[in-house]
Amino acid sequence: NFPGQRVRPTNSPRPSGVGVKAKRTKLLQKQRIFLIALTASVSFVILIACLLIFSKPKLTLKGSDVIEVEVFGEFSDPGCKASFLFFNLTDKIALQEDPSTSEIGEYEKEYSLSHFGRTYSITRAIHVVDKTPPTLQLNGDLELTLSSMDFFQEQGYAASDNYDGDLTAAVTVSKEYDENTSTCILTYSVQDSSGNTSHAQRSVS
């Protein structure tokens with residue numbers, strides 16, 4: 001032996017080529033697993049980003065999208081709900097003021113939501129209508145007995161409407177004579193501006 005030369009004991013095991021290859025294989029497997037996990041994480045982040053950028057919140061009206069309200073009646077708003085992906089955004093909805101029900105007409109109520117710098121909205125149609133017929137009241141008796149129609153004097157009547165007000169001047173009177181009973185039927189009719197009608201009758205015999 002030369003001076004300073006390290007002598008390997010005769011009984012020391014020599015490095016095995018199979019062991020080195022196994023270590024390299026394990027290392028490559030770990031690297032592959034890491035790359036797969038990293039790719040999955042990046043893909044997930046990209047997916048979430050795309051959903052956040054390109055998805056829109058959903059606004060849904062509760063109840064009917066068209067509601068009828070009687071004039072001077074009370075409008076009861078069923079409300080609206082909003083969601084974005086798995087998030088409930090209903091409490092973020094901005095509500096427009098309820099329309100007045102004192103005027104017949106067609107109105108809209110808007111529900112809007114501001115989300116990521118954009119505004120989304122949905123509307124509900126509100127129809128204020130008059131379906132209440134006018135009131136028609138006859139003065140005097142509804143059944144009169146006279147010796148002749150020549151002696152008949154109109155005892156008067158009055159008509160009013162919840163929306164149009166006094167309609168007494170709009171009352172029309174028609175006569176129909178029944179020869180079998182010798183009775184004259186007077187029919188009083190009145191119609192409001194919404195087409196609602198009322199009738200009343202007086203018989204004179």
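Close-up 1. The structure shown is a predicted model. Phe-72, at 49% relative accessibility, is likewise partly exposed. A search of the whole structure gives three aromatic pairs. In one of them, the ring centres of Phe-72 and Tyr-163 are 6.1 Å apart and the planes stand at 45 degrees, so the pair is tilted. Phe-72 belongs to the loop between β2 (66-70) and β3 (80-84), and Tyr-163 to the loop between β10 (157-161) and β11 (165-166). The pair therefore ties together parts that are 91 residues apart in sequence.

**Close-up 2. The ring pair of Phe-84 and Phe-116.** The centres of the two rings lie 6.2 Å apart, and because their planes are at 85 degrees the pair is edge-to-face. Phe-84 is in strand β3, whereas Phe-116 is in the loop between β6 (105-115) and β7 (118-129). The contact thus ties together parts separated by 32 residues in sequence. Phe-84 is buried, at 3% relative accessibility, while Phe-116 is exposed, with a relative accessible area of 60%.

**Close-up 3. The open sheet formed by β9, β14, β13 and β12.** The four strands of this open sheet follow the order β9-β14-β13-β12, and their pairing is mixed. The edges are β9 (143-144) and β12 (172-178). Each has a single partner strand, so one side of each is left without a neighbour in the sheet. Strands of a sheet pair through backbone hydrogen bonds, in either a parallel or an antiparallel sense. For β9 and β14 (residues 197-204) the sense is parallel, with two bridges between the strands. Leu-144 has Val-204 in β14 as its bridge partner.

Close-up 4. Arg-202 is a residue of strand β14. Its relative accessible area is 1%, so Arg-202 is buried, the limit for this class being 20%. The side chain of Arg-202 makes a polar contact of 3.1 Å with the side chain of Glu-154. The Arg-202 side chain also reaches a backbone atom, the oxygen of Gly-156, at 3.5 Å.

How values were computed
Residues are numbered from 1 along each chain as its sequence is written. This is a predicted model: local features need pLDDT of at least 70, side-chain atom pairs count only at pLDDT 80 or more; totals for chains, interfaces and linings use all residues. Side-chain values use heavy atoms; hydrogens and water are left out. Two strands pair if DSSP finds at least two bridges between them. Buried means under 20% relative accessible area, exposed over 50%, partly exposed in between (1.4 Å probe, protein chains only). A polar contact is a pair of N or O atoms within 3.5 Å; within protein, one must be able to donate a hydrogen and the other to accept it, and residues adjacent in sequence count only if both atoms are side-chain atoms. Rings of Phe, Tyr and Trp (its six-membered ring) pair if their centres lie within 6.5 Å; planes under 30 degrees apart count as stacked, over 60 as edge-to-face and the rest as tilted.
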